[in-house]
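Trainee: I have a structure to work through and some questions about it. Can we take them one at a time?

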Amino acid sequence: MKLVVAIIKPFKLDEVRQALTAIGVHGMTVTEVKGYGRQKGHTEIYRGAEYVVNFLPKLRIEIAVSSELADKAVEVITNSARTGQIGDGKIFVTPIDHALRIRTGETDSDAL
Amino acid sequence: MGVLSRHAARAAVTFSIATLFASPVTPALADTSGINAADTAWMIAATALVLMMTIPGLALFYSGMVRKKNVLATMAQSLAAVAIISVLWVAFGYSLAFVGDGPWLGTLDRWFLAGMKMDDVNPAAKTIPEALFMLYQMTFAIITVALVAGAVADRMRFSAYLLFSVGWFMFVYVPLAHWVWGGGFLATMGVLDFAGGLVVHLSAGIGGLVAAKVMGRRHGYGTENLAPFDLSLAVIGTGMLWVGWFGFNGGSALSASPRAVMAITATHLAACAGALTWGAIEWSTRRKPSVLGMISGAVAGLGTITPASGFVAPWHGVVIGIIAGLFCFWACTSLKQRFNYDDSLDVFGVHGVGGMTGTLLAGVFATTAIGGTSGLLEGNPQQLLIQFYGVAVTLLWSGAVTFVLLKLVGAFVPLRVSLQQEMEGLDISQHGEALQ
């Protein structure tokens with residue numbers, strides 16, 4: 001099992017969700033986050049006063065998938081979240097040791 | 001005997017208190033032919049419109065421009081101004097400003113509206129009930145006091161703000177209103193100020209500038225991100241101010257008349273021209289017209305046309321709005337940076353500079369066809385000099401009295417919250433509430 005964590009631009013959520021649903025990913029957790037990478041924020045000007053906004057709004061998507069599906073999931077997230085502009089985000093994949101569905105007590109791949 | 005006299009004394013006190021608080025506006029069946037129903041209806045509407053300018057208008061406009069942790073505290077300042085100034089206006093403000101025609105101050109004949117009957121009229125507005133004229137003018141006093149708070153947003157202690165507001169109302173607003181509108185020495189000289197370029201905008205603007213200097217800059221000014229919390233609130237607030245300004249300037253005709261319509265037309269055009277001008281400057285110099293810029297331009301246009309609105313032709317509103325956009329933009333960006341003062345919400349840059357500019361422009365564009373007075377363009381340069389005099393008096397009086405008041409209040413209560421409270425936000429530290 002793998003945990004795929006993707007940091008994406010907020011307006012790309014629907015595309016990413018549709019693409020993941022199409023390959024059989026049935027659930028996801030989405031969190032509103034702020035951060036920066038090479039994009040280094042942007043400058044805003046209010047009545048002449050300039051402010052550098054370092055932390056830009058992003059979405060953090062977490063999906064737990066079987067190991068076989070992980071590569072495919074990464075591929076569709078990459079394709080659907082890409083704009084080609086700086087700040088498109090990142091994807092991290094980590095192993096999951098154990099998983100459990102709270103309602104039924106099913107474990108590991110049955111719980112995904 | 002002693003008991004009897006105590007009873008008598010108590011009865012006398014009870015009677016006098018009852019007389020004081022019994023509604024002095026008593027029903028009367030006397031002749032009300034001077035009172036005009038159309039004028040009265042319009043002025044009731046105008047009064048409501050101007051009251052709407054403070055809460056929710058100014059409260060939203062201001063609180064949208066501060067940080068999230070200071071939103072409620074900023075709204076509280078507008079709300080408190082409505083509550084306090086209304087009571088003080090009825091108690092003595094109205095009487096001192098608009099009853100009697102001494103050069104410096106009116107009289108206390110109408111304190112607590114003493115003796116005011118339902119069909120009484122004020123000589124300044126003979127076709128509407130005096131109580132309505134009193135209420136209408138009350139809304140001006142309220143918004144003027146509330147305007148000043150924008151300069152010291154994010155850092156003034158609420159208790160100090162309350163004391164300062166009471167003092168500022170008593171010693172800056174009331175005398176100025178009398179001098180310009182109540183038959184005082186500026187009125188006698190012929191200073192033109194239709195709806196408050198001097199009394200409202202310049203006095204609040206210069207008061208705000210002095211307060212900003214005395215209070216010092218906000219923690220993190222120039223180094224930290226002090227960006228507005230929610231400009232959408234400020235846009236909604238601007239819309240309410242804009243609509244409310246129809247009552248502000250249109251109502252200042254004190255009648256449902258063609259002059260009121262001319263004033264409203266010029267007002268609307270000035271707001272539009274101001275918004276377009278500020279936006280255009282930003283577009284050309286910074287590649288994007290900001291929303292804050294466009295609403296700032298609109299308010300600048302509104303503030304600048306205010307003193308001139310009942311004296312100039314509608315198209316002058318466009319010219320005055322463009323000049324307002326140019327001058328106020330320069331004041332809020334270049335001038336402010338050059339002198340390095342922290343007027344948090346640009347009360348001086350928008351209202352002070354706008355009020356001053358508009359008052360002078362009234363002396364330039366005034367036309368006899370609208371207000372019965374000619375300005376520079378109609379061959380009366382004298383009017384422009386009189387306008388300069390009005391500006392100078394307002395600048396000096398409001399500036400000096402604001403300074404003294406702040407020093408006085410500061411002797412009793414610290415003017416600023418502590419650094420820790422400022423970092424935490426005024427909502428929690430001053431009011432025990434916060435937006436989640």
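Trainee: How many salt bridges does the rule find across the interface of chain B and chain A?
Mentor: This is a predicted model. The pair to look at is R47(A) and D346(B), whose closest N and O atoms are 3.1 Å apart. A salt bridge requires such atoms within 4 Å. Across the interface of chain B and chain A, the number of salt bridges found is 1.

Trainee: Which helix of chain B gives the largest share of the side that touches chain A?
Mentor: Helix 9, helix 10 and helix 11 of chain B each supply at least two residues of that side. The largest share is 3 residues, and the helix that supplies them is helix 11 of chain B.

Trainee: Is Y51(A) buried or exposed?
Mentor: Y51(A) lies in strand 4 of chain A. Leaving aside neighbours within four places in sequence, Y51(A) has contacts that include H42(A) and Y46(A), and in chain B E224(B) and L226(B). The cut-off for buried is under 20% relative accessible area. Y51(A) has 9%, so Y51(A) is buried.

Trainee: Where do V16(A), A19(A) and L20(A) sit around helix 1 of chain A?
Mentor: These three residues are buried, whereas Q18(A) and A22(A), on the other side of helix 1 of chain A, are exposed. An α-helix has 3.6 residues a turn, so residues three or four places apart point the same way. V16(A), A19(A) and L20(A) are buried and cover an arc of only 100 degrees around the axis, so they sit on the same side of helix 1 of chain A.

How values were computed: Residues numbered from 1 in each chain as written. Chains lettered and ligands numbered in written order. Predicted model: local features only at pLDDT ≥ 70, side-chain atom pairs only at ≥ 80, totals over all residues. Heavy atoms only, no water. Helix = DSSP H or I, 4+ residues; strand = E, 2+ residues; numbered from the N terminus. Buried < 20%, exposed > 50% of the residue type's maximum accessible area, 1.4 Å probe, protein only. Contact = heavy atoms within 4.5 Å. Arc of directions from axis to C-beta. Salt bridge = Lys/Arg side-chain N within 4 Å of Asp/Glu carboxyl O.
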